[in-house]
Amino acid sequence: MPLLEVENIHSFYGHIQALRGVSLVVEEGEVVTLIGSNGAGKTTTLRSIHGVLPPKEGKVIFDGEEIQGTPAHDMISRGIAQSPEGRKIFSRMTVRENLEMGAYHRTDDIREDMERVFDLFPRLKERIKQEAGTMSGGEQQMLAIGRALMSRPKLLLLDEPSMGLAPVLVERIFQIIREINEQGTTILLVEQNANVALEIATRGYVLETGTVVNSAPAEKLRQDPKVREAYLGEI
Ligand code: ATP
């Protein structure tokens with residue numbers, strides 16, 4: 001049984017239809033990436049899975065249970081966490097408080113998890129008392145991912161983790177994403193930078209105007225002439 005199954009979802013913003021029958025599967029242990037141009041529906045797919053924008057039609061099955069329509073705040077206790085595009089950390093809270101918020105539904109000891117986040121992102125430890133809104137873009141990105149990890153998710157939804165980061169930091173963040181996956185978290189990754197995304201992903205889906213037009217193992221997508229031309233900046 002796959003960890004996540006999205007079956008033919010249709011999602012709307014008012015009258016605008018953003019998803020026209022998206023289906024995808026994420027097996028436990030995988031890193032799956034969604035690639036596509038601006039406006040293709042990548043973020044909307046994550047939002048629809050996560051309950052921020054419940055699909056009008058179709059199913060989202062997580063761990064064998066239908067979860068479409070479950071409110072976003074219940075997703076975290078089911079085992080789905082997200083690090084949203086544009087970060088959306090709590091800017092007036094400190095780094096520590098943000099991380100604690102990520103674990104708000106837990107009643108057990110979270111110290112170990114905080115240590116794990118600090119091992120992955122030593123910079124956050126140095127800045128533990130800093131107000132999050134005053135940190136750099138890259139630091140806020142790290143905090144958003146760290147906060148998502150604090151819930152010990154089975155599935156981590158990552159939206160554009162490389163957005164606004166300097167090239168060296170992009171590489172670092174992807175190394176960390178790989179580490180997080182190796183430590184046992186399944187990942188669904190939305191990324192503009194298809195090159196790096198396909199390097200760390202097991203499989204990928206290509207979205208165009210709200211539908212999946214291609215899906216294959218990442219290596220195969222990297223060699224696909226159409227993908228190379230449209231998304232990898234090669235002719
Ligand atoms: P990008 O890489 O630019 O973030 P994306 O593939 O993530 O693109 P989405 O953000 O999912 O694309 O957008 C899919 C479609 O839905 C687009 O046509 C977009 O204009 C539309 N859309 C997204 N958010 C809203 C909104 N809040 N209200 C109305 N339309 C929206």
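Predicted model: local features only at pLDDT ≥ 70, side-chain atom pairs only at ≥ 80, totals over all residues.
1. I go through some of the pairs below, then turn to the ligand.

2. Start with aspartate 63 and lysine 154, which form a salt bridge whose closest N and O atoms are 2.5 Å apart. Aspartate 63 sits in the loop between strands E4 (57-62) and E5 (65-66), while lysine 154 is in the loop between helix H6 (137-149) and strand E7 (155-159), so this pair ties together parts that are 91 residues apart in sequence.

3. Lysine 59 pairs with glutamate 66 in another salt bridge, and here the closest N and O atoms are 3.5 Å apart. Lysine 59 is partly exposed, with 34% relative accessible area. Glutamate 66 also counts as partly exposed, with a value of 45%.

4. Which helices does the pair of lysine 125 and glutamate 115 tie together? These two residues form a salt bridge with their closest N and O atoms 3.7 Å apart. Lysine 125 belongs to helix H5 (residues 122-126) and glutamate 115 to helix H4 (residues 111-120), so the bridge links parts that are 10 residues apart in sequence. Both ends are partly exposed: lysine 125 has a relative accessible area of 44%, and glutamate 115 has 39%.

5. Salt bridges can also join up, and there is a case of that here: Arg123, Arg127 and Glu139 are linked in a network. If you are looking at the charged side chains on screen, pick out these three together.

6. Helix H4 deserves a look of its own. Which of its residues are buried? They are Asp113, Met114, Val117, Phe118 and Leu120. Looking down the axis of H4, you find these buried residues within an arc of 160°, so they line one face of the helix. The background is that an α-helix has 3.6 residues a turn, so residues three or four places apart point the same way. On the other side of H4, Arg111, Glu112 and Asp119 are exposed. Note that Asp113, a charged residue by class, is among the buried ones.

7. Now the ligand. It is surrounded by 14 residues, and the closest are Asn38, Gly39, Thr43, Thr44 and Gln192. Which element gives the most to this shell? That is helix H1 (residues 42-50), with four residues. Sorted by class, the shell holds three nonpolar, seven polar and four charged residues.

8. Several backbone atoms come up against oxygen atoms of the ligand. For glycine 39, a backbone N or O atom lies 2.8 Å from a ligand oxygen. Threonine 43 also has a backbone N or O atom at 2.8 Å from an oxygen of the ligand, and for alanine 40 the corresponding distance is 3.1 Å. How much of the ligand does the protein cover? On its own the ligand has 630 Å² of accessible area, and the protein covers 64% of that.

9. Two residues have a backbone angle worth checking. Asparagine 8 has a phi near 55°, which is a positive value in a residue other than glycine. Asparagine 8 is found in strand E1 (residues 4-13) and is partly exposed, with a relative accessible area of 40%. Glutamate 160 likewise has a positive phi, near 50°, and is not a glycine either. Where does glutamate 160 lie, and is this residue buried or exposed? Its place is the loop between E7 and helix H7 (167-182), and glutamate 160 is buried, at 5% relative accessible area.

10. Last, glutamine 175. This residue lies in helix H7 and counts as partly exposed, at 42% relative accessibility. Between the C-alpha atoms of glutamine 175 and aspartate 159 the separation is 16 Å, and the two residues are 16 residues apart along the chain.

Definitions and conventions:
Residues numbered from 1 in each chain as written. Heavy atoms only, no water. Salt bridge = Lys/Arg side-chain N within 4 Å of Asp/Glu carboxyl O. Buried < 20%, exposed > 50% of the residue type's maximum accessible area, 1.4 Å probe, protein only. Near = heavy atom within 4 Å. Polar contact = N/O pair within 3.5 Å; in protein donor to acceptor, adjacent residues only side chain to side chain. Areas by Shrake-Rupley, 256 points an atom, 1.4 Å probe, with all protein chains shown as cover. Arc of directions from axis to C-beta.
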